[in-house]
Structure formats: C-alpha cells, structure tokens
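These are my notebook entries from a reading of one structure.

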Amino acid sequence: MITLSQINQRVVKIPTLSIDRGATAVIGPNGSGKTTLLEVCAGLTTPTQGTVLIDGTPPREMEVAWVSSSPDRNILFSTVRDEVASPCRFAGLSCQETESAVEQVCDRLGIVHLLDRLTRTLSGGEKGVVALATALVKEPTVLILDEFDAYLDHQTLAGITRLIQPSSVRYLLFCTQNMALASAADQVIFLKDGQVLASGRPGAVFNQIRTEGFSPLFFWMEGGRCT
Ligand SMILES: Nc1ncnc2c1ncn2[C@@H]1O[C@H](COP(=O)(O)OP(=O)(O)OP(=O)(O)O)[C@@H](O)[C@H]1O
C-alpha cells in the first residue's frame, strides 16, 4: 500500500491517503494538484511537509518509473533502441541483458518495428509508446503516467493498459481527463483545490462527485456533442 500522511506541497494538502496495489486514476480540474500528487508519490518532489511510503519504503529507494505528458520531454537519445536501452545501461547491465530486455519490452508493446528509427522522426503517439517501453524495460515496482493518454488513440491505449497489467508493476498511478479510462482503474482519487474530495472504487467515486461534471457518462455525452 502507498500511504501519504500530512502532505503539504504547493496546492496539495492531504492529511491521510491510502493507495492500494493495482491501477489508480487521479482526476480533477486543471490546477487541482494531480501532477503534484504524482510527483510526491514518485519522489520527484520532496513535500515541504509530510511523508510518503510505498510498502513501507520511501519512493526514492524504490524502482519508480515516470512517463510525462509531453512526448518530447521523455526522449533523450537519437535512436529508439538507445532510448529504450538507456535505463539498463545507466544501471550497468551487460550488453546481452540489455539487448534481451529491450527486445522483450518492445515485443510486448508492439514496437519492434520502431527499434532502428530515429526518435525525432516518430509521431507524438509513437514517442509516447517508446517512453512507456523505456519506463518498463527495467521492470519498475511503480509506474506513473502523467496524462500519458493525451497523444494516444483509444485502440493503442486499450492495448497498452492491458499489456502493463501482467508486468512487475505493483502500482500504476496515472492522471487523466479521460473519464472512461479512469473508470477502468481499480481506484479513483478525485482532487479539487489540492484536496482529496473522494477516493475509492470508480463507481462509488463517480457517484459521490456526480455534481462536479466528472463522470464517464458526462464524458461520452459532452465529448460526443463537442467533437
Ligand atoms: N514547479 C512549480 N512551482 C510552483 N507552482 C507550481 C509548480 N508546478 C505546478 N505549480 C502550481 O501548482 C498547482 C497544481 O499544479 P498541478 O500541475 O499539480 O495541477 P494539475 O491538476 O496536474 O493541473 P493540469 O490538469 O492543468 O495539468 C497549480 O496552481 C500550478 O500552477
């Protein structure tokens, strides 16, 4: 379990919060603190006050992988192969171990055909999947996706979420404005003005916040009308 106590960081003020193993969606209006909460859980930001423990251990002592909402912010190397291999190389794995891990994760995510491409020639969605492969290659315990779905079509997204599940990832935390995607998570956390207004099973949370304009039904109706 991920436990947060007395967290105070930017707008985020959370006295206590528990996050169970599995997939957790963080939803809420713009500026409500979703990314800040994910950064605190990842250990990317040390809160000015409070503690986060993942199965009793601080995030910085765990294998935590982060994929940003902006594909270009994730990519560091000029070829896909070097990009996906980079966490293994930074960790000092042998060439053989690295090559095998890269082939396996790219095979699982269906991007073997991209391995020899230059990263600057990839589409936004392809960069996103390459970033996900890079995050997964060393089998993290915690995978955090910060509005990762923004560039992906529904089919790619559905395939990818299925592929993450059987991996070593114990906790998948993601924030999204896609309420259909959030409703498929094990747990949903609704933030408003930095406070947790609801947390629990998706059905219960969407029921609790139905006057806030965040629900899968609202999403489909409004999305359908606007596009
Ligand atoms: N590095 C920073 N320094 C100071 N304030 C920040 C920083 N990053 C974010 N903030 C502020 O903290 C608040 C919460 O931002 P955050 O990005 O966590 O919200 P969010 O819910 O993810 O927003 P969005 O849906 O718009 O991406 C915002 O008011 C934002 O301006």
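**Entry 1: ligand shell.** I sorted the residues around the ligand by class and found one nonpolar, seven polar and two charged residues. The model is predicted, and I read the entries below with that in mind. I then listed the shell itself: Arg-10, Val-11, Gly-28, Asn-30, Gly-31, Ser-32, Gly-33, Lys-34, Thr-35 and Thr-36 surround the ligand.

**Entry 2: overall form.** I counted nine helices and nine strands in the protein. The radius of gyration is 18 Å, close to the 17 Å that the globule rule gives for 227 residues, so the protein is as compact as a globular protein of that length. Along the principal axes, the C-alpha atoms fill a box of roughly 50 × 45 × 30 Å. I noted that 40% of the 227 residues are buried. I also looked up the contacts between residues at least 6 apart in sequence, and 69% of these join residues at least 24 apart.

**Entry 3: the six-stranded sheet.** In which order do the six strands of the open sheet lie? I read the order as E5-E6-E7-E3-E8-E9, with mixed pairing. Strand E5 (64-67) and E9 are the edge strands, and each pairs on one side only. From one strand to the next, the twist averages 15°. Helix H5 packs on this sheet, where it touches E5 and E6, and its direction makes about 175° with that of E5.

I followed two of the pairings within the sheet. Strand E3 (residues 22-27) pairs with strand E7 (residues 171-175) in the parallel sense over five bridges. Ala-23 stands opposite Leu-172 in E7. E8 and E9, by contrast, pair in the antiparallel sense, over five bridges, and Leu-191 has Val-196 in E9 as its bridge partner.

**Entry 4: the three-stranded sheet.** A further open sheet has three strands in the order E2-E1-E4, with antiparallel pairing. Its edge strands are strand E2 (12-19) and strand E4 (49-54), each of which pairs on one side only. On average, and with direction ignored, neighbouring strands here are turned by 10° against each other. I counted seven bridges between strand E1 (residues 2-9) and E2, which run antiparallel; Ile-7 has Ile-14 in E2 as its bridge partner. Helix H1 (residues 34-42) lies across E1, E2 and E4 and runs at about 120° to E1.

Entry 5: Where does Asp-193 lie? I placed Asp-193 in the loop between strand E8 (187-192) and strand E9 (195-200). These two strands form a hairpin with two residues between them, and Asp-193 is in the turn. Asp-193 has a positive phi of about 50° although it is not a glycine.

I located Glu-139 in the loop between helix H5 (124-136) and strand E6 (142-146). With 15 other C-beta atoms within 10 Å, Glu-139 is partly exposed.

**Entry 6: Leu-76.** Is Leu-76 buried or exposed? I found 10 other C-beta atoms within 10 Å, so Leu-76 is exposed. Leu-76 lies in the loop between helix H2 (71-74) and helix H3 (80-90). Leaving aside residues up to four places away in sequence, I recorded that Leu-76 touches Glu-83 and Ser-86. Thr-98 is 22 residues from Leu-76 along the chain, and the C-alpha atoms of the two are separated by 17 Å.

**Entry 7: Ala-158.** I found Ala-158 in helix H6 (residues 154-164). Ala-158 has 14 C-beta neighbours inside 10 Å and therefore counts as partly exposed. Between Ala-158 and Leu-181, 23 residues apart in sequence, I read a C-alpha to C-alpha separation of 8.7 Å.

Methods. Residues numbered from 1 in each chain as written. Predicted model: local features only at pLDDT ≥ 70, side-chain atom pairs only at ≥ 80, totals over all residues. Near = placed C-beta within 6 Å. Nonpolar A, V, L, I, M, F, W, Y, C, P; charged D, E, K, R; others polar. Helix = DSSP H or I, 4+ residues; strand = E, 2+ residues; numbered from the N terminus. Buried ≥ 20, exposed ≤ 12 C-beta atoms within 10 Å, placed from the backbone. Pairing = 2+ DSSP bridges. Axes fitted to C-alpha atoms, helices over the stretch in contact; angles between N-to-C directions. Contact = placed C-beta atoms within 7 Å. Rg over C-alpha atoms; globule rule 2.2 N^0.38 Å.
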